[in-house]
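My notes follow in the order I took them.

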Amino acid sequence: MKFGKYLDEQKKHLPGDYASHCIDYTGLKLFLKGSVYNHSIKIDPVQEQALPFAQVVASRLGQLQSLQVQFIESLDANIKTIDAFYQQESQRLVNATDPSLELLQHILTLERFVFLNYTGITKILKKNDRHSGLALSEPYLHRVAQLAFVQGNDLTRLKQTVMQAIQPQQSDLPQMSSPTAMHRSRSQYKLTPTNALPPAFIAPNQKVLVSLSGPHGTDIIGAVLTCLARHPCTIEDFMLSRLYHNVTFGVLITLQSDNVTVFRDLAEAARQWDASLTFDVPDSQATEPTVRNTNKENAKNSDDNIYLPSSLEEAPYQGRIKYAASLLNQNGLQPAFLSDWTQLLLKYRISVEKLARLDKTKTLSSADLKLSVPNTVDMDQLRAELIELSSSYGTDVALQHDDVFRKNKRLVVFDMDSTLIQQEVIDEIARYAGVVDQVAAITEEAMNGGIDFKESLTRRVALLKGTSVSVIEDVKKVLTFTEGARFLCLALKKLGFKLAVISGGFMPLANYVKAELGLDYAFANTLKVSSDGLTLTGETTGPIVDGIRKAELLEVIAQSEGVTLNQVIAVGDGANDLWMLSKAGLGIAFNAKPKVQKEARARINQKSLKYVLNLLGYSEQDMDQLALEA
């Protein structure tokens with residue numbers, strides 16, 4: 001609901017003489033749209049290029065000067081009417097002798113009159129700033145703050161006197177608690193003979209969002225909170241954003257009366273600290289602009305309360321799911337990628353609620369975003385487009401639910417080959433056996449999902465028949481751990497994680513990796529050896545650790561550690577890892593084959609395994625601290 005319609009609606013609840021003395025908001029707005037906007041000093045660079053720029057500016061300013069004088073004179077006349085009516089009514093109430101409920105009702109009605117008009121004055125001034133390109137709001141409001149209807153001292157004292165006199169009479173009236181669900185308030189409080197006590201005694205009345213922006217950091221926070229401490233209000237929420245020295249401090253408050261002196265004090269604080277003050281009575285439809293523009297009729301006919309989230313950091317839209325998006329590129333996040341990424345978010349009407357840089361290098365290389373995603377979005381389609389976007393820029397985008405389990409993972413299960421280590425161990429054994437080319441070909445086919453893992457393992461192990469058992473020790477010497485593997489495991493252990501390797505390779509090497517990295521569990525296939533213990537027989541013994549077995553072992557470890565599957569991370573690169581990647585709360589395809597990248601919920605295609613920490617929201621500063629602790 002636009003403010004003009006909101007004001008007209010509220011005037012219906014005021015006595016006739018009150019309503020007739022309200023600001024002519026609609027008339028002032030029409031003047032701005034019909035006259036001022038066309039002569040704005042905000043010049044479109046594409047238009048009027050034929051004329052010298054100085055001539056364009058002179059023409060605009062000349063026309064604007066006359067129009068601004070007309071606007072200010074008209075607004076002055078409105079305010080003079082409002083102030084004179086306020087003084088007349090205020091004096092009439094002050095002269096009343098009986099501190100009754102009826103008198104209190106009249107006081108509250110006059111406060112509502114002031115609040116509505118002060119809000120209208122503020123909004124029409126902001127609209128004038130926007131249309132004209134000038135900045136008249138703050139100096140004009142500073143003048144308005146000196147007027148009697150804003151100062152309101154006599155009325156405030158009278159209200160306190162009347163409340164003190166009648167409060168003992170109201171001790172038997174039930175008191176209502178604040179509503180648990182937060183909605184954008186239209187000041188739903190209505191006076192009747194039985195609920196004439198002011199809003200402070202029954203329920204929050206009017207929600208107002210106050211924002212102060214400027215270069216003085218903590219001083220601005222202190223200025224706002226000091227002002228609020230002097231007035232009857234409740235702080236619902238606050239937030240701070242900083243850009244070097246400049247900060248914006250926003251506070252959502254619930255006024256316990258319609259007295260506007262709090263805004264007078266805030267305006268004075270803004271002037272003192274060279275800050276910019278804005279406040280808003282949330283009165284417009286809280287839906288996305290694209291929805292609002294395509295569904296105007298429904299919006300007109302809707303009288304429902306408008307949703308306001310529990311936090312100022314959240315997008316004020318209903319029907320949303322919170323996701324975390326991790327953007328990773330070790331060579332830097334390119335502007336072209338970030339532009340296309342943003343356009344994709346706009347396409348799906350996804351709102352960015354928070355954005356944080358995670359690295360501390362010269363070039364931005366990793367970022368963490370909190371997203372508000374409409375529950376109507378086809379996530380499979382979105383993920384498909386994300387994969388295409390990621391591939392075209394060599395940049396990873398990992399999307400996961402932003403919930404308590406993202407921050408409380410407790411178990412990480414790794415594949416071994418081409419994940420914790422850079423090689424495929426069976427290929428290395430085959431190298432010593434002289435059959436590396438045959439084994440590698442079967443390995444590649446299996447990793448891409450071309451043949452069943454059990455079949456591929458059986459065929460490859462068969463080629464190793466007669467190979468000396470001693471090659472296992474030789475292979476250990478040439479194993480190369482993936483960049484970041486040692487640090488990642490050390491950091492995760494410091495954070496209290498349990499770690500496991502579940503490999504389609506072989507136990508002696510899995511146990512070696514477990515010991516080197518300080519893991520808690522190791523599972524892999526067992527190679528059968530000859531009766532004299534000197535050679536491999538070309539067979540395995542015990543259950544084959546294929547994809548399904550990996551997922552089963554992951555679940556067994558989780559149960560043993562007493563953690564839910566939502567608290568499990570799985571990291572792998574091959575088709576036989578898909579089952580455990582799907583089973584875990586967060587499945588990460590690490591430099592994986594195309595089929596795995598397509599099906600996994602998260603992907604890392606960077607050199608280092610340290611980026612797993614980024615997916616959990618840890619920054620590079622966090623990593624440095626973990627390294628020092630180690």
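Is Arg349 buried, partly exposed or exposed? I looked it up: Arg349 is partly exposed, at a relative accessible area of 28%. My classes are buried under 20% relative accessible area, exposed over 50%, and partly exposed in between (1.4 Å probe, protein chains only). The areas come from the Shrake-Rupley method with that 1.4 Å probe, and for residues only the protein chains shown count as cover.

Ground rules next. This is a predicted model, where local features need pLDDT of at least 70, side-chain atom pairs count only at pLDDT 80 or more, and totals for chains, interfaces and linings use all residues. Residues are numbered from 1 along each chain as its sequence is written, and side-chain values use heavy atoms, leaving out hydrogens and water.

**Entry: backbone**

I came back to Arg349 for its phi, which is positive at about 55° although the residue is not a glycine. Arg349 sits in the loop between α13 (335-347) and β8 (351-357). I then checked Ser418, also not a glycine, and found a positive phi of about 60°. Its loop runs between β11 (411-414) and α15 (425-433). Most residues other than glycine have a negative phi. Element names follow DSSP runs numbered from the N terminus: helices are H or I with at least four residues, strands are E with at least two.

**Entry: cores**

I looked for nonpolar cores, meaning sets of buried Ala, Val, Leu, Ile, Met, Phe, Trp, Tyr and Cys residues joined through side-chain atoms within 4.5 Å. The largest has 70 residues. Ile23, Leu75, Phe149, Val208 and Phe263 have the most contacts inside it. Helix α5 supplies the largest share of this core, 13 residues. A second, separate core holds 57 residues, including Val425 and Leu586.

**Entry: surface patches**

Patch residues have over 30% relative accessible area and no salt bridge; like charges are joined within 9 Å, and nonpolar side chains (Val, Leu, Ile, Met, Phe, Trp, Tyr) within 5 Å. Lys and Arg count as positive, Asp and Glu as negative, with His and the chain ends not counted. I placed each charge at NZ of Lys, CZ of Arg, CG of Asp or CD of Glu.

Lys2, Lys33, Lys42 and Arg130 form a positive patch. Arg130 belongs to helix α5 (residues 101-132) and is partly exposed at 46% relative accessibility. Leu225, Ile235 and Phe238 make a nonpolar patch of about 250 Å². Phe238 is in strand β3 (residues 233-243) and is partly exposed at 48%.

**Entry: salt bridges**

I counted a salt bridge when a side-chain nitrogen of Lys or Arg is within 4 Å of a carboxyl oxygen of Asp or Glu. The structure holds 25.

Asp624 pairs with Lys360, with the closest N and O atoms 2.2 Å apart. Asp624 is in helix α25 (residues 620-629) and Lys360 in the loop between β8 and β9 (366-374), so the bridge ties together parts 264 residues apart in sequence.

Arg549 and Glu552 meet at 3.6 Å, N to O. They are 3 residues apart in helix α21 (residues 547-561), so about one helical turn separates them. Arg549 is partly exposed at 29%, and Glu552 is partly exposed at 40%.

Asp577 and Lys550 meet at 2.5 Å, N to O. Asp577 lies in the loop between β15 (568-572) and α22 (578-583), Lys550 in helix α21, 27 residues apart. Both Asp577 and Lys550 are buried.
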